[in-house]
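Work through the exercises below with the structure open. Try each task before you read its solution.

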Amino acid sequence: MSTPLRGLLQADPVVATAGASMFADALRDQAVEVTETDWQPPLDGSAPHLARVAGDPRRHEANELAWQRMTAAGADFVDVRPASEALGLERGTFLHAGPPIEWERASGPLRGALIGAMLFEGMADTAEAAEAALARGDVELEPCHHRDAVGPMAGVVSPSMWVYELRDEVHDHTSWCSLNEGLGKVLRYGAYGPEVIDRLHWMNSVLGPLLQQAIRAAGPIDVKSIISQMLQMGDEGHNRNRAGSLMLLRELLPTLITADGSSSDIAEAVRFSGANEHFFLNLGMPACKLSTLAAEGIPGSTVVTTMARNGTDFGIRTAGTGDHWFTGPANTPEGLFLGSYGPDDANPDIGDSAITETAGIGGFAMAAAPAIVKFVGGDVPLALRATRTMYEITVGEHTAYQVPILEFRGTPTGIDVSAVARTGILPKINTGMAGRVAGTGQVGAGLVTPPATCFTQAIAALAAAVPGDG
């Protein structure tokens, strides 16, 4: 700022800048007060479509309706049943996480989980025979989401596996999820060794039937209420479920310990469930699926109803575009690794568990669970910043899920594709990391975002769906 110009001003200049910080730095060097605006250009290729979507007269009311339905949805745990019975899953059909994919493009952990399911179902005697059968196309692969179900990590569900069943009586929807195996070398992370298959058989013959007796005797358990409470107790509902798991076990224990079974079987079921810090995750996920199911099929709405990954592709769906998937290459999480594992061992992002972020918890509620940074990397300010930033790309705040440290503000809920495209801010997801090589299991946990192309594709489709002349 030149001296003659300063002389014309009645006060020292105050400048606001946007974009690159170079201009702001130059002004500060000249003792000029500068306010920097946190601004990013729209996602590449989205600008022409943004204007059309923004002008859609249906959008505001449609998004308000989507938010209302999402926050009003119930989530009652009502049953535990075999997938063949609950989902009508026939022999030779396996469900998996993420958008549709064929064996040829399947990632290592997904391949490992499919091989394990073949061994578990008795459809192959060896891993080599299972792989050959899968390569021949002997098994039909279908996304969990196509049956209103969700699966963590590889998300593989075969007909004999038992699943949790949750109901939303408000909107008359049902959702399902497999039982949680614990951590380490487990099927959902792509492991398929003898210990994995033996555990699955035990879950089938002992744990599933005992949990079925327990929940049928206890009556419906309000999972939505547990999520609300666990956010007050340091959980965020995706990678931290300690409080939620204990509250769930408290509800189930009275009827579990009196179930019809041997004392040793009941004791082992209680021990296994109590020792599993992610016992609750597989109920939180279908609860979140019920929330997003309620928002589906609203013309003009730009709210995201699905975020899911299969280890190769990341896919999203929106309330205003029905069942169509918008996909891009899955990114690899960045975070902390177990033992001697490192970045080269990690597979790209995988799992349906991003349904938690889609419904307003998980990475969107990290401020409620600052201890999560010890598991996924980062620090407490990062957790606070993650939640605050997500308010910029969502249509509202959840009426039941609140963040104590933010003065009990509701969690950011209802990801708005147009806001993502306009700001360039991508949803923040915290997640486990599976080993790239089939059979490895879990190698770490970290943070990840979807590929931007999912949102540029979605905004283009939403623009094309706006009524009137193009």
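**Exercise 1: A hairpin**

Find the residue with a positive phi in the hairpin of S10 and S11.

Solution. This is a predicted model. Go to the hairpin of S10 and S11, where two residues lie between the strands. Gly311 takes a positive phi near 95° there. Now look at the pairing. S10 covers residues 304–310, and S10 and S11 run antiparallel over five bridges. Within this pair, Ala308 stands opposite Gly315.

**Exercise 2: Strand S11**

Solution. Start with the rule. In a regular strand, side chains alternate between the two faces of the sheet. Apply it to S11, residues 313–318. Next, check burial, with under 20% relative accessible area as the cut-off. Six of the six residues in S11 are buried. Last, find the other partner: S11 pairs with S12 (residues 326–329) in the antiparallel sense over four bridges. Ile316 faces Phe326 of S12 in this pairing.

**Exercise 3: Cavities**

Describe the largest cavity by its volume and its lining.

Solution. First, count: there are four cavities of 30 Å³ or more. The largest has a volume of about 180 Å³. Its lining has 16 residues, and Met161, Ser178, Leu179, Glu181 and Leu200 lie nearest the centre. Helix H8 (residues 194–218) gives the largest share, three residues. By class, nine lining residues are nonpolar, five polar and two charged.

Methods: Residues numbered from 1 in each chain as written. Predicted model: local features only at pLDDT ≥ 70, side-chain atom pairs only at ≥ 80, totals over all residues. Heavy atoms only, no water. Buried < 20%, exposed > 50% of the residue type's maximum accessible area, 1.4 Å probe, protein only. Pairing = 2+ DSSP bridges. 1 Å grid on protein atoms, 1.4 Å probe; cavity = no way out; pocket = protein on both sides within 12 Å on 5 of 7 lines; lining within 4 Å. Points joined across faces, edges and corners; volume = space filled by probe spheres on them. Nonpolar A, V, L, I, M, F, W, Y, C, P; charged D, E, K, R; others polar.
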